[in-house]
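Let us walk through a protein model and look at how its charged side chains pair up. Keep the structure in view as you read.

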Amino acid sequence: MNEIVVGIADVKFSNHPEDVLVTYALGSCIAVAVYDPVVKVGGLLHFMLPDSSLDAEKAKLAPGMFADTGVRLLFRSCYSLGADKKRMITKVAGGASILDNTNYFRIGEKNIMALRKIFWKNDVFIDREDTGKNYNRTVRLEISTGSVFVKSSEGFKCEL
Amino acid sequence: MMIEKILKSIDHIPAFPVTILKVREMLRDEDYSIADMVNLIKYDQAMAANILKMGNSAYFGSRQRIGTLRDAVIYLGRNNLIRIVQTAGVSRYFSRRSRGYVEKANELWEHSVAVALMSQILSRKVLGHEDDKLYLAALLHDVGKTVMGEFVYDSFGKISLLVAEEGYSFLEAEEAVIGINHAELGGKIAERWNFPEEIVAALAYHHRPDSMEKSDNAIAWLVYLADQVCLLTGMTGGFDGLAHRGISDVMHKFDFYEQDLERGMMTLIEELSHAKDVLGIV
């Protein structure tokens with residue numbers, strides 16, 4: 001097994017069966033994992049903010065920072081290895097918030113809403129998700145199987 | 001009683017590095033002597049070693065190569081000098097084996113450095129400049145965790161049950177199970193170090209600045225906000241993660257909009273990417 005770490009504002013993709021893409025400590029950020037089971041190509045995005053209009057310059061340098069530019073980069077990266085949108089399975093985790101929903105900084109919710117809007121516009125269906133709530137998550141995508149595992153800071157682990 | 005044991009254990013915490021206080025004092029004089037400053041820092045060997053390890057980090061912004069303490073004193077400039085001295089000195093409290101909140105000691109240090117950086121990003125926005133008192137308070141805000149960790153470790157099951165099942169914040173669960181929370185304990189440590197009241201309160205109320213007697217303590221509010229933004233960004237200080245309460249007043253207090261915080265997150269990620277040497281000293 002070869003672990004490839006996806007940092008904040010980063011995208012990694014692969015078709016090597018021994019690779020596992022992993023991203024740690026998601027708070028309000030969101031991990032998007034996509035996988036084409038036929039060609040066994042997978043990609044993992046860890047984006048931080050909902051919309052690249054906040055800083056277009058930054059979005060050019062680090063497209064993975066924002067939902068819109070990040071999702072585009074993620075899908076295109078996987079297409080470059082032969083993945084087909086119609087076959088791709090999409091799983092989403094993260095977008096947590098701090099306690100109390102009168103919350104002054106709803107960045108986790110904004111990230112989730114932005115992502116849904118992008119997917120809706122592009123006819124992408126979210127197959128599985130584990131979003132919201134108040135804990136950190138670590139997400140793993142196995143390239144050999146397409147399995148996605150989520151581990152929470154509260155200690156439980158599940159397959160998404 | 002567990003609480004008495006905890007309060008007793010802060011007696012064993014090493015004194016706050018005198019060098020930091022003396023450097024601050026010396027820097028108050030605009031014409032401090034380079035030689036005196038070098039001699040003062042040299043005396044604290046652990047600190048001197050850390051300064052050399054971090055001196056060339058882009059985090060401290062020197063364009064000259066730092067090879068000796070003298071280079072550091074000459075090239076870093078006043079603001080970065082006090083920052084590096086504080087960072088080098090404070091790191092010792094975070095380098096011991098800790099459990100309870102984190103698996104590895106450096107996780108808590110990384111969170112502390114992130115909050116210190118974020119505090120300066122916010123300070124530039126609110127006050128128009130950086131602030132070394134705020135930096136110190138931010139760097140130390142979770143120092144209580146270094147002592148509480150052992151006790152949280154022993155009671156972790158009870159605490160996390162209250163958080164997961166009963167809607168407690170982690171802080172409330174600490175109080176219910178242990179009798180004191182890590183912020184309050186941090187305040188007691190700062191008191192022991194004879195810190196000014198402003199910093200003591202900033203540590204003690206870093207999750208509840210709205211309960212402070214002196215509600216105009218900007219340092220405490222900014223540490224609070226810097227901490228929360230870091231927690232959301234995923235730079236957490238442990239298993240307590242995001243189980244802390246939001247206080248919306250903080251936005252009106254400084255006239256902040258959500259976009260300001262979003263931009264702050266972007267700057268934080270960028271600055272942290274230059275901070276590897278700083279994170280590496282623990």
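Start with B:Arg208. Its relative accessibility is 27%, so B:Arg208 counts as partly exposed. This is a predicted model. B:Arg208 forms a salt bridge with B:Glu175, and the closest N and O atoms are 2.9 Å apart. The pair links distant parts of the chain. B:Glu175 sits in helix α11 of chain B, while B:Arg208 lies in the loop between α13 and α14, and 33 residues separate them. B:Glu175 is partly exposed too, because its relative accessibility is 25%.

Why do such pairs form? Side chains of opposite charge can pair when their charged atoms come close.

Another pair is in chain B. B:Arg124 and B:Glu130 form a salt bridge, with 2.5 Å between the closest N and O atoms. B:Arg124 has 33% relative accessibility, so it counts as partly exposed. B:Glu130 has a relative accessible area of 31% and is partly exposed.

Now cross between chains. The side chains of A:Lys110 and B:Glu262 meet in a salt bridge at 2.8 Å, N to O. A:Lys110 lies in helix α3 of chain A and B:Glu262 in helix α16 of chain B, so this pair joins two chains. B:Glu262 is buried, at 5% relative accessibility. Buried means under 20%.

Salt bridges with shared partners join A:Arg106, A:Lys110, B:Glu258 and B:Glu262 into one network. Over all chains, the structure holds 25 salt bridges.

Note on methods:
Residues numbered from 1 in each chain as written. Chains lettered and ligands numbered in written order. Predicted model: local features only at pLDDT ≥ 70, side-chain atom pairs only at ≥ 80, totals over all residues. Heavy atoms only, no water. Salt bridge = Lys/Arg side-chain N within 4 Å of Asp/Glu carboxyl O. Helix = DSSP H or I, 4+ residues; strand = E, 2+ residues; numbered from the N terminus. Buried < 20%, exposed > 50% of the residue type's maximum accessible area, 1.4 Å probe, protein only.
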